Amino acid sequence: MKKVLLLSPRLDVMFKKGPVPFETSPIPPIRKHWRNFVERVIAEYSSRSDVSFKVLELPLWQFTPELVNELKPDILFVPHKEAHSFPVNNCEVYYYMQTAFPWMFSVDSKGWGAGSSKYPFNNNASDTLDGVKIFRMLQNRMNDNQSKFDQPVYQSREKINLPDYYAFFPCQIPHDETIKFHSNVTVEEALERTCIATQEVGMNLVVKGHPVNPGSMQSLKEIAKKYLHVVWYDDVSIHQLIQTARCTVTVNSGVGFESLLHQVPVVTFGRSEYDCVTYKVDKDTDLGKTIKLASHSLFKYDEVCNFYNNWWKYCYDSTNGEDFIKLPK
């Protein structure tokens, strides 16, 4: 009988090292999807007669490879980590992580996002699932102004003084792990290059600060305010800023997923699940030329739908118990 161990992060405390009160408190809405995912895993393995299943709940930062090695599971589920940052020996290890669509999770032997064993994803046609159906379902959600984080209501274009003919740059938290693990370019470097390139090609640039950690945006604001053609927004819906942009330029933000749903071309500096359907940038790329090309290109609808299809079937829908039948045996 195989021993399965699920590491479940305590959801009412910070994922980073911090205080741990004895009594639990209500969890934020974004974390409820983590709870749902854990409950789905518990339900699936509890229904299997050939496994011994255990859940260990601790603050995320208190999990260590040494602790896990002492427990000697045969199959291990680790949250919010990758193999290089949480190496475990002598058992099957699967790293699980919330995606840009918060009810969807990845489960992978190597990591998450561009660190997963499935990366790079592809945009090849597939007979399984239905990419167009998935694309339209996510579009409908977006048309209701839903995103990973709550969004302000739409405002009139005149009220927010949104410019014409602009590229859009969504800021990421500079120290975020998706930057640290999946990009050779910092957010500051990407923003500076984008400011210069859009200035050179006579294009406005709209920049939005990250809603979760406003304090980490200061270095990015300092860059943006040097350029007269750059406009910075905070309290405006991400969808309102995307939908009239000519293209989105990002390191590897989850906003890239949403831009594709708006049928807005995406330029990427870093690695991301969706970069197979973007204009990729490296240190030798003429960024201004690339932004102009993206801004005037026909949107590759079929390729994007195929990508969504291939990515979707890799993930786990925490609202759908049937998805969890494919968990490792």
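**Entry: Asn145**

I started at Asn145, which comes out at 17% relative accessibility and so counts as buried, the cut-off being under 20%. I'm working from a predicted model, by the way. Asn145 sits in the loop between helix 3 and helix 4 (157-160). I checked its backbone too: phi is positive, about 65°, although Asn145 is not a glycine.

**Entry: Asn161**

Then I looked up another asparagine, Asn161, and found a positive phi of about 55°, and Asn161 is not a glycine either. Its place is the loop between helix 4 and strand 6 (166-170). Buried or exposed? At 60% relative accessibility, Asn161 counts as exposed, since the cut-off for that is over 50%.

**Entry: a cis bond**

Still on the backbone, I noted which residues a cis peptide bond joins: they are Tyr119 and Pro120, with omega about 0°. I placed Pro120 in the loop between strand 5 and helix 3 (131-143).

**Entry: helix 3**

I counted 13 residues in helix 3, and from first C-alpha to last it reaches 18 Å, close to the 18 Å expected at 1.5 Å a residue. Its buried residues are Gly131, Ile134, Phe135, Leu138, Gln139, Arg141 and Met142. Looking down the axis of helix 3, I see these buried residues fall within an arc of 160°, so they line one face of the helix. What covers the buried residues of helix 3? The cover includes helix 8 (238-243), helix 9 (255-261) and helix 11.

**Entry: Phe307**

Phe307 is buried, and its relative accessible area is 0%. I listed its contacts, leaving aside neighbours within four places in sequence: Phe121, Asn122, Asn123, Phe257, Glu273, Tyr274, Cys276 and Val277. I also took a distance, C-alpha to C-alpha: Phe307 and Ser272 are 12 Å apart in space and 35 residues apart in sequence.

**Entry: Tyr166**

Tyr166 is in strand 6. I get a relative accessible area of 0% for Tyr166, which makes it buried. Which residues does Tyr166 touch, not counting those up to four places away in sequence? My list has Arg157, Met203, Asn204, Leu205, Val206, Gln240, Leu241, Thr244, Ala245, Arg246 and Cys247. One more distance: Tyr166 and Asn90 are 76 residues apart in sequence, and their C-alphas are 52 Å apart in space.

**Entry: helix 1**

Next I went to helix 1 (residues 29-46). I found 18 residues in helix 1, reaching 26 Å from first C-alpha to last, close to the 26 Å expected at 1.5 Å a residue. I have Arg31, Trp34, Phe37, Val38, Val41, Glu44 and Tyr45 as its buried residues. They cover an arc of only 135° around the axis, which puts them on the same side of helix 1. Pro29 and Ser46 are exposed, on the other side of helix 1. I then asked what the buried residues of helix 1 pack against. They pack against strand 1 (2-9), strand 2 (51-58), strand 3 (75-79), strand 4 (92-98), strand 5 (104-108) and strand 12 (316-317).

**Entry: Ser106**

From strand 5 I picked Ser106. Ser106 is buried, at 5% relative accessible area. Apart from neighbours within four places in sequence, Ser106 is in contact with Tyr95, Tyr96, Met97, Thr99, Trp112 and Tyr314.

Notes. Residues numbered from 1 in each chain as written. Predicted model: local features only at pLDDT ≥ 70, side-chain atom pairs only at ≥ 80, totals over all residues. Heavy atoms only, no water. Helix = DSSP H or I, 4+ residues; strand = E, 2+ residues; numbered from the N terminus. Expected span 1.5 Å × (residues − 1). Buried < 20%, exposed > 50% of the residue type's maximum accessible area, 1.4 Å probe, protein only. Arc of directions from axis to C-beta. Contact = heavy atoms within 4.5 Å.
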